[in-house]
Amino acid sequence: MFSYDSLKKILFKFDPETAHNIAEYGLRVLGKCKIAKAYMQKKNYITDPKLTQKVFGVTFANPVGLAAGFDKNATMIKAMQSLGFGFTEIGTMTPKPQDGNAKPRMFRYPEFKSVQNAMGFNNKGAHKVLKNLKKVYPFDIPIGANIGKNKTTPEEFALSDYKSLIKKFEETSDYLVINISSPNTPNLRDLQNEKFITELFTMARELTEKPILLKIAPDMEVQMAINLCYSAINAGAAGIIATNTTIDYSLVPNCQSFGGLSGACLTQKSGDLFKELGKELFGKTVLISVGGISTGAEAYERIKNGATLVQSYSALIFEGPSMVRKINEEILELMAKDGYSNISEAIGANLK
Ligand code: FMN
């Protein structure tokens, strides 16, 4: 029987970016192979009505999604359902194609189940990604489109990058995400200020009725994060995704001093910030929690702290394709223990 442990031994012999490219090739093939796809989907994709909910008018069969950055060019959407994900987020895409930062730019720390990346939005550009997306959309699982500005676009023109991306992707996605929280595009996080956020979401709301969410970094003071979220919500944001990777390099001994850390080292930091956001914002907007989630227990805690949906990326590298099914099964067990018959009863339970 196929075991991820043996595959992992081979993949981990390659540098992380090469391993990612091999995995991408395998997942693209899986997406095209009907029998293998159906087999994996039957095994991993949990569609228990207890986990099903409508968010932004769209049905999510389970609350565990793939976080942005894994499927930057929308080439693996079909395979993600076979891995069990209830939704997927493509991107970050930029208006023009870009190569990203110099290599090596991705590092893994297996003993800490953590990853560090300084990819810098390497992607094929909005035109090509949209072409890929159009082959699939609308799909069985909801698709989010995560958008960012080009590295060469000066801050004063950032708004027009986001404008062109919203126009391009609004018809071929179920929700959009504004990414200004990556640490790997110079000065991008400077856009995490109330003035820019207000301008951005006011402009966005005039362009489309599609839900648009803001993804924030974990490296902000709680009050600053709350204020920023309020600016976004008041200007029309449909939700908040917290969090992106961290630049707190104290979390992994001897890690690189650039890029963003994710995976197990981020669980506490991202979870703590999310808890505070939940206390303030639960009931006022849709909250999605991401950062170091690898188990049903952690996902369930985030849900009870106010997350309607959760996402994961780094843990997939260490746990493999059975992870999403296990998370969903554990959420169901924990819901049963608490006596909940639908996930909506668990969302924000710690805050009621
Ligand atoms: N987040 C984005 O919003 N856009 C990206 O393009 C993006 N690229 C990423 C690339 C890598 C290699 C990794 C590890 C993460 C990336 N992320 C990106 C951040 C993830 O979406 C997620 O917010 C973060 O990794 C925390 O979740 P995790 O601990 O489950 O990985």
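The report takes up helix contacts, then a pocket, then the backbone.

This is a predicted model, in which local features need pLDDT of at least 70, side-chain atom pairs count only at pLDDT 80 or more, and totals for chains, interfaces and linings use all residues. Residues are numbered from 1 along each chain as its sequence is written, and side-chain values use heavy atoms, with hydrogens and water left out.

**Helix packing**

Helices (H or I, at least four residues) and strands (E, at least two) are DSSP runs, numbered from the N terminus. Axes are lines fitted to C-alpha atoms, for helices over the stretch in contact, and angles run from 0 to 180 degrees between N-to-C directions.

| Helix pair | Axis angle | Axis distance |
|---|---|---|
| H10 (residues 296–304) and H12 (residues 323–338) | roughly 55° | within 8 Å |
| H7 (residues 194–207) and H8 (residues 222–234) | about 20° | 8 Å |
| H2 and H3 (residues 34–44) | about 100° | 5 Å |

Angles under 35 degrees count as roughly parallel, over 145 as roughly antiparallel, 65 to 115 as roughly perpendicular and the rest as oblique. Contact means heavy atoms within 4.5 Å. Ala, Val, Leu, Ile, Met, Phe, Trp, Tyr, Cys and Pro count as nonpolar, Asp, Glu, Lys and Arg as charged, and the others, Gly among them, as polar.

Take H10 and H12. Their axes cross at roughly 55°, which makes H10 oblique to H12. H10 passes H12 in a right-handed crossing. A crossing is right-handed if the near helix is turned clockwise from the far one by less than a right angle, and left-handed if anticlockwise. From H10, the contact uses Gly296, Ala297, Ala299, Tyr300, Ile303 and Lys304. H12 meets them with Ile327, Glu330, Ile331, Leu334, Met335 and Asp338. By class, this contact holds eight nonpolar, one polar and three charged residues.

H7 and H8 pack at about 20°, which makes H7 roughly parallel to H8. Their crossing is right-handed too. H7 contributes Glu194, Ile197, Thr198 and Phe201, while H8 contributes Asn227, Leu228, Ser231 and Ala232. Four of these residues are nonpolar, three polar and one charged.

H2 and H3 pack at about 100°, so H2 is roughly perpendicular to H3. Leu30, Gly31 and Lys32 of H2 touch Lys34, Ala36, Lys37 and Met40 of H3. The classes here are three nonpolar, one polar and three charged.

**The second largest pocket**

On a 1 Å grid over the protein atoms alone, a pocket is an open set of points where a 1.4 Å probe fits, with protein on both sides within 12 Å along at least five of seven lines; lining residues have an atom within 4 Å of a point. The pocket holds about 560 Å³ of space. Its volume is the space filled by probe spheres set on the points, which are joined across faces, edges and corners.

The lining has 23 residues, with Tyr4, Leu7, Leu11, Ala23 and Leu27 nearest the centre. Elements giving two or more residues are H1 (4–11), H2 (16–32), strand E5 (106–109) and H11 (314–319). The lining divides into 19 nonpolar, three polar and one charged.

**Backbone geometry**

Which peptide bonds are cis? The bond from Gly91 to Thr92 is cis, with omega near 10°. Thr92 sits in strand E4 (residues 87–93). Lys103 and Pro104 are also joined by a cis bond, with omega about -5°. Pro104 belongs to the loop between E4 and E5.

Ala74 is not a glycine, yet has a positive phi of about 60°. Ala74 lies in the loop between strand E3 (64–66) and helix H4 (77–82).
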